[in-house]
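Please work through the exercises below with the structure open beside you. Each one sets a task and then gives a solution in steps.

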Amino acid sequence: MARDRFMVPVETHSTLTKKTAVSRSWMLLDHSGKGMVLDLDKYEIMRRVPIHARDLRILDPLLSYPSIILGRERAIVLNLEHIKAIVTSEEVLLRDPLDDNVIPIVEELQRRLPPLNAICQGQGEDEEHQGPRDDDESEFPFEFRALEVALEGICSFLDARTRELETAAYPALDELTSKISSRNLDRVRKLKSAMTRLTNRVQKVRDELEQLLDDDGDMADLYLSRKLAGASSPFSGSSIPNWLPSSPTIASKISRTSRASLLTVHGENDVEELEMLLEAYFMQIEGTLNKLTTLREYIDDTEDYINIQLDNHRNQLIQLELFLSSGTVCLSVYSLVAAIFGMNIPYTWKEGHGHVFKWVVILTGIICGSLFLSIITYARHKGLVGS
C-alpha cells in the first residue's frame, strides 16, 4: 500500500507550466532578410518582444480570432488568416513558417527586404554630394515593408481562392440551368457554402483595413521606428522600457501621450505614407469582395430562374390534374347512368323497350363530353389553363 502511494505522479508547478506553454515553430527574419527557425513558447516570446499574453492568444491557431492588425508600443501584431506574425522595428516573428500557405510569405520577405537595405546603403555616398536629405522621407520603415508583404500575401491568397471559386461556380451554374438534377443541385449547394465562407473571410480583412483607415490614431500606433526614435526625447522619459512589462496601464497611458506628442511634431499628414499603403490593399480586397458579390448575385439569379422553371412545371402538373379531375367527373356521371340502368330491379318500362339502350348510351356519352368541354372552356376563360 505504501509503494502504491509513492508511485502516484504529482504535478508540480513546473510540470503544469510545461503543459500550458506548448512550444511553437517561429521564423525570425531580420533587416537583411536572413531567416532562422526558432522553437519558442509564449513566455520566451514575451521576454523577447514587449507584448502581452492576450496579444499572443490572438495568434493562437487553435482559437478562432478574426483578422486584426494591432499596433502596440514596440510591436505590430498581425493576424491575417494564415499569416500570424509579430513585427518590430528590427525583426519579424512569423508563426508556422513550414506551412504551405506561409512559405511564400517567408520567401517574399527574404526577397524584398535585403534589396531595400542595399539600396539605402548604396545611396549613402550620393546623398553626401547631393546635400542632406530627410531619412524619414527617403527610407520606407522596416515594419511597413513587412506589413506590405503580409497584406500583399493575404490579398493575393484571397483573390486566388476567389478566382478558383469562380472557375468552378460559373460552369456548374450554367449546367444547372440546362439540366436540373440532384447531382447538380448538390454541387451548387457546396459551391454556395464555400462562397459564403470565403466572403466572410474577405469581409473581415476588409473591415479591419477600413477601421485602420478611419482612425489616424491606430495608424500612428503602427509607426514603430518613429516611436522608437521619439522614445529618447525628454517628454518620453528614459524609464518607459522598465515600466512596460510590469504596468500595462502606465504603458498604455505613456503610449497615448507619446502618440499625441508625435502627432503634434509631425503634423496632420504624419500617417499619409501608411494611409496610401493601406488604401492600395483596401482597394484590392474591395475588388475581391466585389467579385464575390457578383458571384452571389449570379447564384441568386440562377436560383430565381430555377424557381421559375419549377413553378412552371408545377403549373403544368396542376393543369394535368385539372384535366384528369374533369374527366373523372364526367366518367362518374356516365357510371351513374350505367349503374341506374344496370340495377336488377323489375320495372315495367324495361319491357318491350330494348331499342332504347343504344340511345341511352349515345345520349349519356354526348352529355358527358359536353360537360367536359364546358369545364375546360370555363377554366381557360378564367386563365386556369393555358391556351
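**Exercise 1. Decide whether cysteine 330 is buried or exposed, and explain why the structure holds zero disulfides.**

Step 1. Cysteine 330 has a relative accessibility of 5% and therefore counts as buried, where buried means under 20% relative accessible area, exposed over 50%, and partly exposed in between (1.4 Å probe, protein chains only).

Step 2. The closest cysteine sulfur to that of cysteine 330 belongs to cysteine 368 and is 5.9 Å away, which is too far for a bond; a disulfide is counted when a pair of cysteine sulfur atoms lies within 2.5 Å. Cysteine 155 is also buried, with a relative accessible area of 0%, and the structure holds zero disulfides.

**Exercise 2. Work out which parts of this predicted model call for caution.**

Step 1. Because this is a predicted model, local features need pLDDT of at least 70 and side-chain atom pairs count only at pLDDT 80 or more, whereas totals for chains, interfaces and linings use all residues. Residues are numbered from 1 along each chain as its sequence is written, and side-chain values use heavy atoms, with hydrogens and water left out.

Step 2. The chain averages a pLDDT (the predictor's confidence in each residue, from 0 to 100) of 77, and 73% of the residues score at least 70.

Step 3. Over residues 1–23 pLDDT stays under 50, and the model has 10 contacts (heavy atoms within 4.5 Å) for them beyond four places in sequence. Residues 235–269 also stay under 50, with 28 such contacts. Where pLDDT is low, the predicted coordinates should not be read in detail.

**Exercise 3. Describe the setting of serine 89 and of threonine 177.**

Step 1. The chain has 15 helices and six strands, taken as DSSP runs (helices H or I, at least four residues; strands E, at least two) numbered from the N terminus. Serine 89 lies in the loop between β5 (83–87) and β6 (92–95), and counts as buried at 14% relative accessibility.

Step 2. Leaving aside neighbours within four places in sequence, serine 89 is in contact with His31, Phe142, Glu143, Leu224, Ser225 and Leu228.

Step 3. Threonine 177 belongs to helix α8 (residues 142–178) and is partly exposed at 23% relative accessibility. With neighbours within four places in sequence again set aside, threonine 177 is in contact with Thr302, Tyr305 and Gln309; the C-alpha atoms of threonine 177 and glutamine 309, which are 132 residues apart along the chain, are separated by 9.2 Å.
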